[in-house]
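Work through the exercises below with the model open. Try each task before reading its solution.

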Amino acid sequence: MDLGLGNNFGGSSRDFGGSKNIWHYIGQTFPVGGTVSNLADFPSGTIIPSGSMAIDDTASSTVKIVKIASFDATKTYALNAEVIHAGIAYKCSTAIAVAAAWDASKWTALAAGDATYDDLVKVNGLTKNDLVVDDPMKGTYGNGTVGVVFNGVIYSSRLDNEVPDIVWAKLPMITQFKEA
């Protein structure tokens, strides 16, 4: 729960081990943040990492987290699995049963009409902090709230998942600081 959002009724907190700082500077966040509208997409025990792509709907006080993993050559992929590779979002056009290096012939770039692509073009910020998803949060009265940054400097090389170029183009007030 982001305690800087206001209107946090009830809640709990726990301390976890260290985390990595991904924000060098936070200039501005949306004034209300919001409840994660797609919390059901995240299993209990997972972390929605800071710097996750977010669609902040300030009118409804909800935030949709856009979840798409970076390509990993040590994994296999089912047909239509979605990944980001070299700044582009793709879906698997040929199932990959044996882990291997990137093979462009097995992937198709996402385009308008693909649900994830349509979400990517709506991203208007990146999450400010980590959000640990647990069972109480997913219960009947639970919720998870996040703040969304739209102006700042981020260590983009520290992000858990790559952010595609189409999203960076929509976030001109967030500057990437790329470490070696």
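Helices (H or I, at least four residues) and strands (E, at least two) are DSSP runs, numbered from the N terminus. This is a predicted model, where local features need pLDDT of at least 70, side-chain atom pairs count only at pLDDT 80 or more, and totals for chains, interfaces and linings use all residues. Residues are numbered from 1 along each chain as its sequence is written, and side-chain values use heavy atoms, with hydrogens and water left out.

**Exercise 1. Describe the largest nonpolar core.**

Step 1: A nonpolar core is a set of buried Ala, Val, Leu, Ile, Met, Phe, Trp, Tyr and Cys residues joined through side-chain atoms within 4.5 Å.
Step 2: find its members. The largest core has 20 residues, and Trp23, Met53, Leu126, Ile154, Val167, Trp168 and Ile174 have the most contacts inside it.
Step 3: trace the elements. Strand S4 (53-57), strand S13 (148-155) and helix H3 (165-170) each give two or more residues to this core.
Step 4: zoom in on Ile154. Not counting residues up to four places away in sequence, Ile154 touches residues including Trp23, Leu126, Trp168 and Ile174.
Step 5: look for a separate core. Another one, of 13 residues, lies apart from it and includes Val36, Leu39, Ile48 and Val148.

**Exercise 2. Is Asn38 buried or exposed?**

Step 1: locate Asn38. The residue sits in the loop between strand S2 (34-36) and S3.
Step 2: read its accessibility. Asn38 counts as buried because its relative accessibility is 9%.
Step 3: list its neighbours. Not counting residues up to four places away in sequence, Asn38 touches Val63, Lys64 and Ile65.

**Exercise 3. Compare two loop residues with positive phi.**

Step 1: take Ser61. It lies in the loop between S4 and S5. Its phi is about 55°, although Ser61 is not a glycine. At 33% relative accessibility, Ser61 counts as partly exposed.
Step 2: take Ala86. It lies in the loop between strand S7 (82-85) and strand S8 (88-92). Ala86 is exposed, with a relative accessible area of 58%.

Conventions: Buried < 20%, exposed > 50% of the residue type's maximum accessible area, 1.4 Å probe, protein only. Contact = heavy atoms within 4.5 Å.
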